[in-house]
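Please consider the following points while viewing the structure.

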Amino acid sequence: MLTIADKTFNSRLFTGTGKFNNSQTMAEAIKASESELVTMALKRVDLNDDQDDILSPLIEAGVNLLPNTSGARDAREAVYAAQLAREALQTNWLKLEIHPDPKYLLPDPIETLKACEELVELGFVVLPYVHADPVLCKKLEEAGAAAVMPLGAPIGSNLGLKTEEFLNIIIEQSQVPVVVDAGIGSPSDAAKAMELGADAVLVNTAIAVSKDPVAMGIAFKEAVTAGRRAYEAGLGVRSHQAQASSPLTAFLEDF
Amino acid sequence: MQFFVNDQPLSSEIPLTLTQMLEQINQAEKGVALAVNKQIVSRSQWPQKKVEEGDRITLIKATAGG
């Protein structure tokens, strides 16, 4: 069981709702993944054309919602977006993300820390999306973040755990749950993150853009379970030389 | 009375509360948030809070995202 703030989760796979072809596929894939925490974004309602209802199938699925502050370019905008998100979804849980540059969508560490401090004061359960920076993650923890969400690679890139060595340091040092977010492109990436000792992973694009998002949701569920089980079981030590698995007895020497 | 919702001009002959304004534009209350002149108005105040002449209302809803 994973506990973050006041909630416990059976599943260590968190999922996003973006990029699915339609909300029915999204809901089916999320159900199949058994994810219990699901991110959402906010947008301005278009009064002339707005049929998009993705909230109802998620409420029906009984998942917890994690609104994000995507679109915020600085702490001031993120705090405003957070308050709108709390009103819209009636939850004080928040994925804090501030990425001013649309090309790489890399998170702004200074504004993120500033916003985290303010949002904790305002009673939010803050899960900040950050670069895999161990020093920043400690500062966010001290500021009251409920978890930290370091990236594996840029959002939507499917590049995998490019930050592995730094994730190791973050996982070793963190007193709050570590959720590896962004860049996880395949179930093996997710399993790897869990083997490193991450408490959870957040996956969106890799499931949503698959030819069969429902099957991919299941594949990620299984990978996360396997990775976690391997971490708990304890991985063997790595060595550059062979370490015999079979007895090297000399029974063939007389042959 | 004229007011704006997400920069679109709207008008009403009669006074409206925020709840009535949402009804008028056929917007369900679930999953949305409102700010009037950039001040967020909590859901519990929508039935009382009147739309004023020239108000700039921001209407936000939850959507797909990662």
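1. Two strands are said to pair if DSSP finds at least two bridges between them. Helices (H or I, at least four residues) and strands (E, at least two) are DSSP runs, numbered from the N terminus. The model is predicted: local features need pLDDT of at least 70, side-chain atom pairs count only at pLDDT 80 or more, and totals for chains, interfaces and linings use all residues. Residues are numbered from 1 along each chain as its sequence is written, while chains are lettered from A and ligands numbered from 1 in the order in which they are written.

2. Strand 4 of chain A pairs with strand 5 (residues 56–64) of chain B in the antiparallel sense, over 5 bridges. Within this pairing, Arg44(A) is opposite Ile60(B).

3. The contact between the chains draws 27 residues from chain A and 22 residues from chain B (two residues are in contact if their C-beta atoms, placed from the backbone, lie within 7 Å). On the side of chain A that touches chain B, strand 4 (37–44) and helix 3 of chain A are the elements giving two or more residues. Strand 4 of chain A gives the most, with 6 residues.

4. In chain A, the axes of helix 3 (residues 75–89) and helix 4 (residues 109–121) come within 8 Å and cross at roughly 40 degrees. Axes are lines fitted to C-alpha atoms, for helices over the stretch in contact, and angles run from 0 to 180 degrees between N-to-C directions.

5. Ala75(A), Ala78(A), Val79(A) and Ala82(A) in helix 3 of chain A meet residues of helix 4 of chain A, among them Ala115(A) and Leu119(A).
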